[in-house]
Amino acid sequence: MRRVILLVAGSLALILAAPAASANTAVQIRRTGFVPATVTINQDDSVTWRNTDTIDHQVVANGGSFASPILKPGKTYTRTFRNGGTFRYPDSLHPSLKGTVTVRGAPDQVTLAASAPVVKFGSQVTLTGSVSNKRAGETVTIVQLPFGQTTKQVVATLQTTANGVFSFNVTPEVYTQYQAQWKTRESSVFIQVQPMIKLPYVSKTGYFHFYVTASQSFASRFVYLQRFTLARTWVNLARLQLGSKSGRILAVGAVRKMVPRGRWSVRIFMPAAEMPGGYLDAWSGTQPAVRR
């Protein structure tokens, strides 16, 4: 009998000593919002968002700590939360839909946030964060992992200031993960990049001269000339191939023939499908096109 009790006690001790398994929480994305809109989990647990709607959605955290791909109906995105904190997120395609994930974290943690999760090529982003002990003089390492790379690169070694705060400016050239490392903890943000498309005002010679700028050439790739309709949507007018310098000259007269009578706004649009990997859809500013 005593041996049986000892065996049972030993088994119970092993069960109690075993680490708790990570849990997963499901969130549905509906036309009316996230269900549930607020969830509370433990550090190292995960959340899975499922698009149960009939239109596309995308989950993007405020500050850029995570971002799903565009989720088609029925598709899912899972994020494991390695650090504690409160993570608020909207649907980037339908910004009125918002949710919150609250993560109960470990005592030691480092936070990292970005001033903008999506930027035009050439724009600067400020990374800010803090360490949980709130002390000045703590060493924080900032590393980056650009799209297509497999090895993280150290971009800065910082010392925290009062209240354990740090900041650093970066200029991502392509979709990039930035990570703050402190002691054994780390925190990441993901910055998405749109190529810069410029559509200057019509030159005196009567031509639009537009061009696309990024960290690599877009020569021979395609863009779309679009018109803004009375229904407040953009429609394609023409598919245009870029030249050797990632630009194109387009006669104003040719544009006028593509639009109905009246005054319209036109722009250049380039979908991510026409780009190398690591970029988002991009568009230029608008210019008027008048047909009498």
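Guide: Start with residue classes: Ala, Val, Leu, Ile, Met, Phe, Trp, Tyr, Cys and Pro count as nonpolar, Asp, Glu, Lys and Arg as charged, and the others, Gly among them, as polar. This is a predicted model, where local features need pLDDT of at least 70, side-chain atom pairs count only at pLDDT 80 or more, and totals for chains, interfaces and linings use all residues. Residues are numbered from 1 along each chain as its sequence is written, and side-chain values use heavy atoms, leaving out hydrogens and water.

Visitor: Which residues lie nearest the centre of the largest pocket?

Guide: A pocket is an open set of points on a 1 Å grid over the protein atoms alone, where a 1.4 Å probe fits, with protein on both sides within 12 Å along at least five of seven lines; lining residues have an atom within 4 Å of a point. Here, 24 residues line the largest pocket, and Gln58, Ile70, Gln192, Leu280 and Asp281 lie nearest its centre. Strand β15 (residues 185–194) gives the largest share of this lining, 3 residues. Strands are DSSP runs of E, at least two residues, numbered from the N terminus. By class, the lining of the largest pocket holds 16 nonpolar, 7 polar and 1 charged.

Visitor: How many residues line the second largest pocket?

Guide: The second largest pocket is lined by 25 residues, with Ser65, Phe87, Leu112, Ser187 and Ser188 closest to its centre. Its lining has 6 nonpolar, 15 polar and 4 charged residues.

Visitor: Is asparagine 83 buried or exposed?

Guide: Buried means under 20% relative accessible area, exposed over 50%, partly exposed in between (1.4 Å probe, protein chains only). Asparagine 83 has 9%, so it is buried. It sits in the loop between β5 (76–80) and β6 (85–91).

Visitor: What does asparagine 83 touch?

Guide: Contact means heavy atoms within 4.5 Å. Leaving out residues up to four places away in sequence, asparagine 83 touches Gln43, Val103, Gln109, Val110, Arg185, Glu186 and Ser187. Its side chain reaches the backbone oxygen of glutamate 186 at 2.4 Å.

Visitor: Where is threonine 78?

Guide: Threonine 78 is in strand β5. Its relative accessible area is 43%, so threonine 78 is partly exposed. Beyond neighbours within four places in sequence, threonine 78 is in contact with Asn24, Ser46, Val47 and Thr48.

Visitor: Which side chain does threonine 78 join by a polar contact?

Guide: A polar contact is a pair of N or O atoms within 3.5 Å; within protein, one must be able to donate a hydrogen and the other to accept it, and residues adjacent in sequence count only if both atoms are side-chain atoms. Threonine 78 joins the side chain of threonine 48 at 2.7 Å. Valine 165 is 87 residues from threonine 78 in sequence and 30 Å away in space, C-alpha to C-alpha.

Technical notes
Helices (H or I, at least four residues) and strands (E, at least two) are DSSP runs, numbered from the N terminus.
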